[in-house]
Amino acid sequence: MIKWITKLFSSTQKEENIDNMKKYLIVGLGNIGAEYVNTRHNIGFKVLDFLARKENLSFETVKLGSLAEYKFKGRTFFLLKPNTYMNLSGKAVKYWMDKENIPLENILVITDDLNLSFGTIRIKPKGSDGGHNGLKNINLVLNTQNYTRYRFGISDQFKKGQQVDYVLGEWNAEEDAKLTERLETSAEIIKTFGTAGLENTMTTFNGK
């Protein structure tokens, strides 16, 4: 009897571990508030909003953010938009990572990057914060840099001393015209990350 109970417990635990490996936390970084909706710094929010509209998902206000649940090919994606403002993004990431028992390797953080030309895609399994306050706080709270990030290039076409205004500024007409295609690609990146793995995702999308 004891042996049977032990075997049952081990089997249940194994199933839970497998289920956890099919859960993904997709974090779009941004700032809450209407004044930030169309700004370059909010590309993370914009990507998740696009995927939600495309798949008829609804965001719910939850602890430390807005959350939508997306099921695709046996995977469950938790789409998270932290409401902590950019500089405290790590708090929301850690809370939902722990609450849903999502392994570190199943986290994808979407952020803007000044060092990449507009629309350039750079997916990496780890790395420094690159001066980005959202990533800086996530690194601090998680106490690691070893999580996947998708950097979306916003370029650095601003004059000296105008970086903040540029990052918190809205897309220009030329960028706006190209955004839809980039958002379509971003939605595919999320799905590929969960179904085909990180290596395949990087091979397929980096530099495109």
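User: In which strand is Thr 76 found?
Analyst: In this predicted model, the element that holds Thr 76 covers residues 75–82. That element is strand E4.

User: Is Thr 76 buried or exposed?
Analyst: The relative accessibility of Thr 76 is 12%. A residue is called buried under 20%. Thr 76 therefore counts as buried.

User: With which residues is Thr 76 in contact, leaving aside its neighbours within four places in sequence?
Analyst: A contact requires heavy atoms within 4.5 Å. With the neighbours within four places set aside, the partners of Thr 76 are Lys 22, Lys 23, Tyr 24, Glu 69, Tyr 70 and Lys 71.

User: How far apart in space are Thr 76 and Glu 35?
Analyst: In sequence, Thr 76 and Glu 35 are separated by 41 residues. In space, taken from C-alpha to C-alpha, the separation of Thr 76 and Glu 35 is 31 Å.

User: Which residue meets Glu 69 in a salt bridge?
Analyst: Side chains of opposite charge can pair when their charged atoms come close. For Glu 69, the N to O distance in the salt bridge is 3.3 Å.

User: Which residue forms a salt bridge with Arg 151?
Analyst: The closest N and O atoms of this pair are 3.2 Å apart. The partner is Asp 113.

User: Why does the pair of Arg 151 and Asp 113 tie together parts that are apart in sequence, and how many residues separate them?
Analyst: Arg 151 belongs to strand E7 (residues 148–153), whereas Asp 113 belongs to strand E5 (residues 107–113). Because the two residues lie in these two strands, the pair ties together parts whose separation in sequence is 38 residues.

User: Is Arg 182 buried or exposed?
Analyst: Arg 182 meets Glu 181 in a salt bridge with an N to O distance of 2.8 Å. Glu 181 is partly exposed at 44% relative accessibility. Arg 182 has a relative accessibility of 12%, and the cut-off for burial is under 20%. Arg 182 therefore counts as buried.

User: Which residues are linked with Glu 55 in a network of salt bridges?
Analyst: The structure holds eleven salt bridges. Within the network that includes Glu 55, the other linked residues are Glu 188 and Lys 191.

User: How far apart do the centres of the positive and negative side chains lie?
Analyst: The protein has 29 positive and 24 negative side chains. The distance between the centres of these two sets is 5 Å.

User: In what order do the elements of the protein run from the N terminus?
Analyst: The protein contains seven helices and seven strands. Starting at the N terminus, their order is α-β-α-β-β-β-α-β-β-α-β-α-α-α.

User: What is the radius of gyration of the protein?
Analyst: For 208 residues, the globule rule gives 17 Å. The protein comes close to that value, so it is as compact as a globular protein of that length. Its radius of gyration is 18 Å.

User: What percentage of the contacts with a separation of 6 or more is between residues 24 or more positions apart?
Analyst: Buried residues make up 49% of the 208 residues. Among contacts in the protein with a separation of 6 or more, the share from residues 24 or more positions apart is 68%.

Definitions and conventions:
Residues numbered from 1 in each chain as written. Predicted model: local features only at pLDDT ≥ 70, side-chain atom pairs only at ≥ 80, totals over all residues. Heavy atoms only, no water. Helix = DSSP H or I, 4+ residues; strand = E, 2+ residues; numbered from the N terminus. Rg over C-alpha atoms; globule rule 2.2 N^0.38 Å. Buried < 20%, exposed > 50% of the residue type's maximum accessible area, 1.4 Å probe, protein only. Lys, Arg positive; Asp, Glu negative; His and termini not counted. Charge placed at Lys NZ, Arg CZ, Asp CG, Glu CD. Salt bridge = Lys/Arg side-chain N within 4 Å of Asp/Glu carboxyl O.
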